[in-house]
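Keep the sequence and the 3D view open as you read.

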Amino acid sequence: MKKAGQPGSAGSSMAGPWDVVLRDEAALRQAAVVAVDAALLEGVLMRTEAEPNASEVVSYAPFTLLPSAVPRALFEQAYAVQRDFNLLVDAISRDKGFLERTLASTIKVDDFTARLFRIHQQVLEEGLAQSVFLGINRSDYMFDCGAASPPALKQIEINTIAASFGGLASRTAAVHGRVLRVLGKPEEAARLLPNDPAQGLAMGIAKAWELYGSPSAVVMFLVEKAQRNIFDQRCVENKLWDRNIRVIRRRFQDVYEQGSLDDSRRLYVDGQEVAVVYYREGYVPSNYDQQNWEARLLLERSRAVKCPDIATQLAGTKKVQQELSRPGMLEKLLPGHAEAVKRIRATFAGLYSLDMGEEGDRIAATAIASPERFVLKPQREGGGNNLYGEELKQVLEKIKDSPERTSYILMDKIEPQPAVNYLLRAHSPLKASKCISELGIFGVYVRQGTELVLNEAAGHLLRTKAVEHADGGVAAGVAVLDTPYLV
């Protein structure tokens, strides 16, 4: 879980659904043993840090002992706005002028965004070979209890590349159901919602594969060197095999060494035609060396359906997120969709530009004076990058007069209401923690030419972390998997 948010001081803790259960430590210890075995049985698995590329010894992915209370109205709101966000991301990815204007200041100071942008320009100049487009994203939210008003759904960010944990999230509710039954809560267990993002993600990939129109072509998962989270990906992969769609797993290096395009820019890797490239890497600078950049260019130039194509990756940058919050911007991008615009805007937290000029000077000064009110976000995916409090203040003081500040955006800090839970991690003692949660909704859409042929919300992911951790996702080792219990 990436972003913003520190524990809220607002009001006293609401009475939680597990208050009575939490008083019986012996029962919780017993339940934790059952929970770990249930996670292994259900396939909530990760490879170990010591051996990220072998499945000889594996462990359970970290998760909460108890499902976390989530306000039903906000959960439903998050689902209701997901198809609007799909439309928006797709519209941004097709708007060359918007991306160019929005990222102009960022690409001057952020080399990674600049290189992605150069590939984007190069592909457009050559003319797109790709005619089918597949988007798989995850929009992440927290429940803001900061003001005296009722809790509000606030978007932290939208991930448009390699949005993970759709597979393991499909298997977590069963584990929490088992735990609740063991703790004498069968009715509550029955109320946990079914959730199968892996099915929704596979449905999108399968639709794109079908529209590509070559039955012998394969789907290529583009994967990292260290593949600790392989089981999350295998959940989606297996659903594709079930549909008789062949899947291969390759790294950038393999594409560089064995990839080629034919005269009509069909992509071949190891002599196999590739219909869909599903990126599970390529979102941070450390994923690239010169060869990997060349491989990325080859993929982008090809006719294969990229998930995401490079324009859609750029649509997920923090700078774009901040630009969307400017008055009138959503109306420009989604003309004729007034209701969608309203639903989207309701989820925005305050976002501020640090571009050079008076507006940027003013907001930088405000943040230096009251650092506890803000989060400073660089143009990075993957968690563990945001700055808070004293650290935010020090960095801003250092860069406040330099163009370097334009590689960051500033966001209001969200104040979720903490709740007590137990975070289960291999080789960690069992102890109660004050925790906060982040809800992600998976979105899937497929466009052929200009026609949207699929636009769905595909399931959810709840991640929870102890309040002392400001930042960082499950893969980054801070947040753990969770299941929403609607209240």
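## The largest cavity

Which helix gives the largest share of the lining of the largest cavity? Helix α5 (residues 111-126) does, with three residues. Helices here are DSSP runs of H or I with at least four residues, strands are runs of E with at least two, and both are numbered from the N terminus. Before going further, note that this is a predicted model: local features need pLDDT of at least 70, side-chain atom pairs count only at pLDDT 80 or more, and totals for chains, interfaces and linings use all residues. Residues are numbered from 1 along each chain as its sequence is written, and side-chain values use heavy atoms, with hydrogens and water left out.

The structure holds three cavities of 30 Å³ or more. A cavity is a set of points, on a 1 Å grid over the protein atoms alone, where a 1.4 Å probe fits but cannot get out; lining residues have an atom within 4 Å of a point. Grid points are joined across faces, edges and corners, and a volume is the space filled by probe spheres set on the points. For the largest cavity, that volume is about 140 Å³. It is lined by 14 residues, and Y283, Q313, T317, Q379 and E381 are the closest to its centre. The lining divides into five nonpolar, six polar and three charged residues. In this scheme Ala, Val, Leu, Ile, Met, Phe, Trp, Tyr, Cys and Pro are nonpolar, Asp, Glu, Lys and Arg are charged, and the others, Gly among them, are polar.

## The second largest cavity

Of its 13 lining residues, F85, L88, I158, A315 and L324 lie nearest the centre. The lining of the second largest cavity has nine nonpolar, four polar and no charged residues.

Where does this lining come from? At least two residues each are supplied by α3 (82-93), β6 (152-159) and α13 (318-324), and α3 gives the most, with four.

## Two helix pairs

Two packed helices are described by the angle between their axes and the distance between the axes. The axes of helix α1 (residues 25-42) and helix α6 (residues 166-182) come within 9 Å and cross at roughly 150°. Therefore α1 is roughly antiparallel to α6, a term for angles over 145 degrees. Axes are lines fitted to C-alpha atoms, for helices over the stretch in contact, and angles run from 0 to 180 degrees between N-to-C directions. In α1, the residues A31, V34, A35, A38, A39 and E42 meet R171, A174, V175, R178, V179 and V182 in α6, where contact means heavy atoms within 4.5 Å. By class, this contact has nine nonpolar, no polar and three charged residues.

Helix α5 returns here: its axis and that of helix α11 (residues 290-301) come within 10 Å and cross at roughly 35°. Among the residues making the contact are F112, L116 and I119 of α5 and W293 and L297 of α11. The contact of α5 with α11 divides into six nonpolar, two polar and five charged residues.

## Two backbone details

A cis peptide bond joins C307 and P308, with omega about 0°. P308 sits in the loop between β12 (305-307) and α12 (310-315).

In the loop between β6 and α6 you will find A162. Phi of A162 is near 55°, a positive value in a residue other than glycine.

Note on methods:
1 Å grid on protein atoms, 1.4 Å probe; cavity = no way out; pocket = protein on both sides within 12 Å on 5 of 7 lines; lining within 4 Å. Parallel < 35°, antiparallel > 145°, perpendicular 65-115°, else oblique.
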